[in-house]
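Hi everyone, thanks for coming. Have a look at it first.

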Amino acid sequence: MYRVYNRRFYNYQQSYVSLSKIAKKTFEPYDGAIISFLEEDGRSYFLKGGIFDVFKSNGIVPSLSIVPKFINNGKGENSDGSLYPVMSIDNLYSLINYGCDIINHSYSCDDAVYNSSSSYGNVVSDLQKAEQWFVSHGIFTNCFSYPFDIYNTNIRNAVSRFEEYAVRNNNLNFLNDYTTDNLLINKINLSDSNITAVKAQIDS
């Protein structure tokens with residue numbers, strides 16, 4: 001899965017930048033779009049399938065949303081219960097050395113924790129585990145990707161204790177700007193059905 005993040009009116013020397021650089025808003029004003037790509041869940045096919053090579057050959061440094069429990073287990077779990085292989089910790093270090101940002105995607109990505117009636121305490125407990133894992137592996141994060149794009153007050157309040165920024169698919173194909181809530185940055189799922197429309201927004 002690839003996501004597009006845009007904050008208009010902030011300039012950078014490249015068209016494609018990491019999400020943390022966009023979020024910090026440290027750019028000279030200009031009327032244009034800045035794009036960041038996000039690979040979710042740390043799936044191993046991102047490396048083995050040649051997708052990363054495409055980014056690399058075009059000078060694009062993607063961000064990666066990581067679920068520590070999946071890395072520990074060597075496999076992730078889809079919503080239907082099916083499993084898929086994920087990157088190793090050495091893979092992550094290699095990508096970090098390349099310049100990729102690591103995004104906190106929760107410790108467990110468990111729908112028993114992240115749902116419409118999420119308990120604040122349960123979310124905090126899960127995020128504490130995530131923080132401990134990232135710190136113990138020397139990995140810095142300042143951004144969160146909401147599991148299953150679930151968002152409510154309890155989850156938001158818990159996330160705000162650990163991360164400065166958070167992203168989700170708000171089911172709206174719009175570009176973010178300097179007024180965007182830092183804990184509710186919109187992300188767009190690119191697909192054959194919407195890529196033309198998204199490109200038109202960026203080009204305008």
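Before anything else, one term: I'll call a residue buried when its relative accessible area is under 20%, exposed when that is over 50%, and partly exposed in between, using a 1.4 Å probe and protein chains only. Keep in mind that this is a predicted model, where local features need pLDDT of at least 70 and side-chain atom pairs count only at pLDDT 80 or more, while totals for chains, interfaces and linings use all residues. Residues are numbered from 1 along each chain as its sequence is written, and side-chain values use heavy atoms, with hydrogens and water left out.

Okay, salt bridges. Side chains of opposite charge can pair when their charged atoms come close. The rule here is a side-chain nitrogen of Lys or Arg within 4 Å of a carboxyl oxygen of Asp or Glu. How many salt bridges does that rule give? Four.

Let's take Lys187 and Asp149, whose side chains meet at 3.4 Å, N to O. They're 38 residues apart, with Lys187 in the loop between strands S9 and S10, and Asp149 in the loop between strand S7 and helix H7. (Helices, H or I with at least four residues, and strands, E with at least two, are DSSP runs numbered from the N terminus.) Are these two buried or exposed? Lys187 is buried, at 0%, and Asp149 counts as buried too, at 18%.

Next, Arg156 and Asp181, at 2.8 Å from N to O. Arg156 sits in helix H7 and Asp181 in the loop between strands S8 and S9, so this pair ties together parts 25 residues apart in sequence. Here Arg156 is partly exposed at 22%, and so is Asp181, at 32%. Shared partners also join Glu40, Asp149 and Lys187 into one network of salt bridges.

Then there's Asp41 with Arg43, again a salt bridge, at 3.4 Å. Asp41 is buried at 8%, and Arg43 is buried at 13%.

Last stop, the largest pocket, with about 520 Å³ of space. A pocket is an open set of points on a 1 Å grid where a 1.4 Å probe fits, with protein on both sides within 12 Å along at least five of seven lines; lining residues have an atom within 4 Å of a point. The volume is the space filled by probe spheres set on those points. Of its 25 lining residues, Phe70, Glu77, Asn78, Cys109 and Phe148 are closest to the centre.
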